[in-house]
Amino acid sequence: MAEMLLEKYKGLVAKHLDDRWTPQEGYTAEELADQLAAADLPAGTSLPLALEEFYRAVGRCEELMEAHCFFFDPDEFIVEDGHLLFLEDEDEQFAWGVPVEALDVPDPLVRRRANSTGAWHDEDATVGEFILDLLDFSFEEE
């Protein structure tokens, strides 16, 4: 499958950290596959392309992965409430995920769960849009 957002994600290092991207910022495809195999996921679960590319580009870059909210390490992915969870806020009030039935979509819509009620709400953004907007927000000048 053709790359979709990989180069844009790599550009986040220069944009937000004023540094040059190196391959050590992310996972290789093989490393990511090994990490996913270690996660407690139903058999055959795969990441949408937009989320896979994010981890391949910057999945080891703590400054981005823990900037405002916390992106799960690939071996920590979990399916709950019919969603693959990949992000949680620092107070654990909200979690973000992708509906399991949309995992084969290259850049599916993101949903947010209020952990106190279990209610899910649409974010009205795809995985790629959501990640890029979240990191822009996280690094805004105050």
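1. Start with the core. The largest nonpolar core has 42 residues, and those touching the most other members are Tyr9, Leu51, Phe54, Tyr55, Phe71, Phe77 and Phe86. A nonpolar core here is a set of buried Ala, Val, Leu, Ile, Met, Phe, Trp, Tyr and Cys residues joined through side-chain atoms within 4.5 Å. Buried is under 20% relative accessible area, exposed is over 50%, and partly exposed lies in between (1.4 Å probe, protein chains only). As general background, nonpolar side chains tend to be buried together in soluble globular proteins.

2. Before going on, the ground rules. This is a predicted model, where local features need pLDDT of at least 70 and side-chain atom pairs count only at pLDDT 80 or more, while totals for chains, interfaces and linings use all residues. Residues are numbered from 1 along each chain as its sequence is written, and side-chain values use heavy atoms, with hydrogens and water left out.

3. Now helix 3 (residues 49-58). Helices (H or I, at least four residues) and strands (E, at least two) are DSSP runs, numbered from the N terminus. Helix 3 is largely enclosed by the rest of the structure, because 8 of its 10 residues are buried: Leu49, Ala50, Leu51, Glu53, Phe54, Tyr55, Ala57 and Val58. Note that Glu53 is on that list. The buried residues pack against helix 1 (6-17), helix 2 (29-38), helix 4 (62-65), strand 1 (69-71), strand 3 (83-89) and helix 5 (127-138).

4. Leaving out residues up to four places away in sequence, Tyr55 touches Gly26, Tyr27, Leu32, Met65, Phe71, Phe72, Pro74, Phe77 and Phe86. Contact means heavy atoms within 4.5 Å.

5. Helix 3 against helix 5: the axes come within 8 Å and cross at roughly 40 degrees. Axes are lines fitted to C-alpha atoms, for helices over the stretch in contact, and angles run from 0 to 180 degrees between N-to-C directions. The two helices are therefore oblique to each other; under 35 degrees counts as roughly parallel, over 145 as roughly antiparallel, 65 to 115 as roughly perpendicular, and the rest as oblique. Ala50, Leu51 and Phe54 of helix 3 meet Val127, Gly128, Ile131 and Leu135 of helix 5.

6. Helix 1 also packs on helix 5, at an angle of about 5 degrees with the axes 11 Å apart. That makes helix 1 roughly parallel to helix 5. From helix 1, Lys8, Tyr9, Leu12, Lys15 and His16 meet Gly128, Ile131, Leu132, Leu135 and Asp136 in helix 5.

7. Cysteines: the disulfide count is 0, taking a disulfide as a pair of cysteine sulfur atoms within 2.5 Å. Cys61 is in no disulfide, and the nearest cysteine sulfur, that of Cys69, is 16 Å away. Cys61 is buried at 2% relative accessible area, and Cys69 is buried at 6%. Cys69 is in strand 1 and touches Leu87, Glu88, Asp89, Trp96 and Leu134, not counting residues up to four places away in sequence.

8. For context, most residues other than glycine have a negative phi. Asp18 is in the loop between helix 1 and helix 2 and is exposed at 71% relative accessibility. Glu92 is in the loop between strand 3 and strand 4 (94-99) and is exposed, with a relative accessible area of 54%.
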